[in-house]
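Hi everyone, thanks for coming.

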Amino acid sequence: MSHFPIPATLDEAPTHSQPLLQAVKDSLGSVPNLFRLLSHSPAALNAYLQLNTALGEGQLDAATRERLALAVSQQNDCQYCLAAHSYLGKHVAKLSEAEILTNRHGSSGDEKAAIAVNFAVQLVQQRGAVQGSDIQAVLDAGYSRAELLEIIAHVALNTLSNYVNTALATDIDFPAIASLDH
């Protein structure tokens, strides 16, 4: 059970968050609990949505973005985001179950994507303090400088949602996923 009340309807959310939640509903067809929870702070909700929107318009494709989200969420042990991004990975980015599992393990069946996913895992594990050789490996794999920065930004975006969901125990409103055996 969530540590914060989750507004059941848009009308229960703070007034300044209501148009933002309506935009989420118009875009997704529903309003996932993460957004409902963030609505307690219109500023936090708006910041999250703006960063998410801006990165969605970046150079990384949807499959790579979902791969990164899965890897980061696994590293941060965020069950809410793992459920959400497993669902989105399968239904939006069209990732296979095997690829989703591989992403959660910090890699990919796609050689180029594996470099990005591994880099994201290193960023989380090393709290950003990666080596120049790690950065060069991403560039050598064919990612541009802009894409490298987007990978870092996606790690930050997903870490934000991971921390919100884990700290506040957001009720999971996506299909459950199995834990990884380590």
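Let me start with contacts, meaning heavy atoms within 4.5 Å. Of the contacts in the protein chain with a separation of 6 or more, 68% are between residues 24 or more positions apart.

Before going on: this is a predicted model, where local features need pLDDT of at least 70, side-chain atom pairs count only at pLDDT 80 or more, and totals for chains, interfaces and linings use all residues. Residues are numbered from 1 along each chain as its sequence is written, and side-chain values use heavy atoms, leaving out hydrogens and water.

So what is the chain built from? It has nine helices and zero strands; these are DSSP runs, with helices being H or I of at least four residues and strands E of at least two, numbered from the N terminus.

Now, how much is buried, that is, under 20% relative accessible area with a 1.4 Å probe, protein chains only? Buried residues are 44% of the 182 in the protein chain. The C-alpha atoms fill a box of roughly 50 × 35 × 30 Å along the principal axes.

Let's zoom in on helix α5, residues 79–91. Its 13 residues reach 18 Å from first C-alpha to last, close to the 18 Å expected at 1.5 Å a residue, where the expected span is 1.5 Å times one less than the number of residues. Among the buried residues of α5 are Tyr80, Cys81, Leu82 and Gly89. And what do the buried residues of α5 pack against? They pack against α2 (33–38), α4 (62–75), α6 (97–104) and α9 (145–168).

Note on methods: Buried means under 20% relative accessible area, exposed over 50%, partly exposed in between (1.4 Å probe, protein chains only).
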